[in-house]
Amino acid sequence: MAATLRTTVNGMEFENPFLLASGPPGTNARVICRSFDLGWGGVVAKTISLDASKVINVSPRYAKLRDPVENKTIVGFENIELVSDRPFETWLEEFKQIKADYPNNILVASVMEEYDKQAWQEIIQRVQETGVDAFELNFSCPHGMPERKMGMAMGQNPDIAKKVCEWVMEVAEVPVWAKMTPNVANITEAPEACLNAGVDGISAINTILSVMGVNLKTLKPMPTVAGYSTPGGYSGQAVRPIALRQVMEITRAFPDTEVSGMGGISTGYDAAEFFLLGCSTVQVCTGAMLQGYEVISKLKAELLEVMNDHGCETIDDLKGKALEFFTTHTDLVERQAIAKAEKAATGRDDNWKGKIKDETDSLTSN
Ligand SMILES: Cc1cc2nc3c(=O)[nH]c(=O)nc-3n(C[C@H](O)[C@H](O)[C@H](O)COP(=O)(O)O)c2cc1C
């Protein structure tokens, strides 16, 4: 049977497991609808909060890291963008409209609020009434919002993240994913706290705190706004190995949890690696910003190619297949010694050197 990308996660039926990650790709209803038309299985909309008037973005707010040899390919991307500055009421209208027009595509609302029970419960309840399929709790934005004790400030404090999840789960009637920051020493602590509070899944990773560089003409850090800068969030291909490691720690610690993996996915082959490490869905932000929404056709074809090559009919057949091959370094040393001994013992006949007695012994079991 040919492979299918259809998959069911937390009871939600995805046409395919590719979602646009929260950020510029899901910035309003027009572009979300366009991405559904082009074939994205789901969209996590740009993060929203109750009072958008507190959100003031700066420009420029992006900076690129280019391949140093050909100076064209973008390998890393930094942003200091905040959550959506569009009015909450506008978003409510748009969510309603999107779900009316695209009932079969999965729309996830990404929400963020201050440490206030009433605010969190209000945002969940009012957004839920629009018919969104799920929530993603943004505990992970690394710039700007932590100054207001939001975003990454919550993901770095498992007790606070747990409390917020408890408030949310009291009122949520659709699946809830908690989105993790990679800017922690132990990536499993906050997921554990959130799962103990009852969330349905984990998304990982958000961007990595970074300084893109210093302009050697002006001697100012970048991106430079009115002569100054602030550390931002790093994403794109360069972060993929870090994302894979952190996702792997989460999927190994919580094997029954649905994990939505992201960080540096720009091809369907990249996505396959996240599934092999135990993810159920994947998300793409920078990869779509740099290649366009149309990249979804290529992502789907490449993932299907990997699945067909390995006889996998569904995403579940691929899921977690590489996990059992992680071990400790000490174990690698032992395995290497055993493998060497076995190789020596089963040396090919044309390697025989003429020490017939030794060679006979090496092939004898007793
Ligand atoms: C410009 C930009 C804005 C972003 N805004 C948000 C956001 O509002 N909410 C959120 O949860 N993540 C946000 N992210 C993080 C992405 O969703 C994603 O977690 C991260 O970029 C890693 O994936 P990628 O390498 O595919 O971009 C943003 C990323 C970028 C590049």
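Residues are numbered from 1 along each chain as its sequence is written. Because the model is predicted, local features need pLDDT of at least 70 and side-chain atom pairs count only at pLDDT 80 or more, while totals for chains, interfaces and linings use all residues.

**Overall fold**

The chain has 13 helices and 16 strands. Helices (H or I, at least four residues) and strands (E, at least two) are DSSP runs, numbered from the N terminus. Along the principal axes, the C-alpha atoms fill a box of roughly 85 × 55 × 40 Å. Of the 366 residues of the chain, 43% count as buried. A residue is buried if 20 or more other C-beta atoms lie within 10 Å of its own, exposed if 12 or fewer, and partly exposed in between, with C-beta atoms placed from the backbone. Two residues are in contact if their C-beta atoms, placed from the backbone, lie within 7 Å. Among contacts between residues at least 6 apart in sequence, 72% join residues at least 24 apart.

**The core**

In soluble globular proteins, nonpolar side chains tend to be buried together. Here the largest nonpolar core has 87 residues, and Val-108, Ala-178 and Val-247 have the most contacts inside it. Such a core is a set of buried Ala, Val, Leu, Ile, Met, Phe, Trp, Tyr and Cys residues joined through C-beta atoms within 7 Å. Leaving out residues up to four places away in sequence, Val-247 touches Ala-204, Val-259, Gly-261, Phe-274, Leu-277 and Cys-279.

**Helix α2**

Helix α2 (residues 88-101) has 14 residues and reaches 20 Å from its first C-alpha to its last, close to the 20 Å expected at 1.5 Å a residue. The expected span is 1.5 Å times one less than the number of residues. Trp-91, Phe-95 and Ile-98 of α2 are buried. They lie on the same side of α2 because they cover an arc of only 70 degrees around the axis, taken from the directions from the helix axis to the C-beta atoms. Their cover includes α1 (29-38), β7 (106-111) and α3 (117-128). The face turned away from the buried side carries the exposed residues Glu-89, Glu-93, Ala-100 and Asp-101.

**Around the ligand**

Of the 28 residues around the ligand, Ala-21, Gly-23, Ser-235, Cys-285 and Thr-286 come nearest; a residue is near if its C-beta atom, placed from the backbone, lies within 6 Å of the molecule. The elements that give two or more residues to this shell are β6 (74-79) and α9 (286-291).

**Loops and backbone**

Gly-264 lies in the loop between β15 (258-262) and α8 (268-276). This glycine counts as buried because it has 26 C-beta neighbours inside 10 Å. Gly-264 and Arg-240 are 24 residues apart in sequence, yet 4.5 Å apart in space, C-alpha to C-alpha.

| Site | Feature | Loop |
|---|---|---|
| Ser-59 and Pro-60 | cis peptide bond, omega about 0 degrees | Pro-60: between β4 (42-44) and β5 (62-66) |
| Met-222 and Pro-223 | cis peptide bond, omega about -5 degrees | Pro-223: between β13 (220-222) and β14 (232-235) |
| Lys-149 | positive phi of about 65 degrees | between β8 (134-138) and α4 (152-155) |
| Ala-226 | positive phi of about 50 degrees | between β13 and β14 |

Lys-149 counts as exposed, with 12 C-beta neighbours inside 10 Å. Ala-226 is exposed, with 6 other C-beta atoms within 10 Å.
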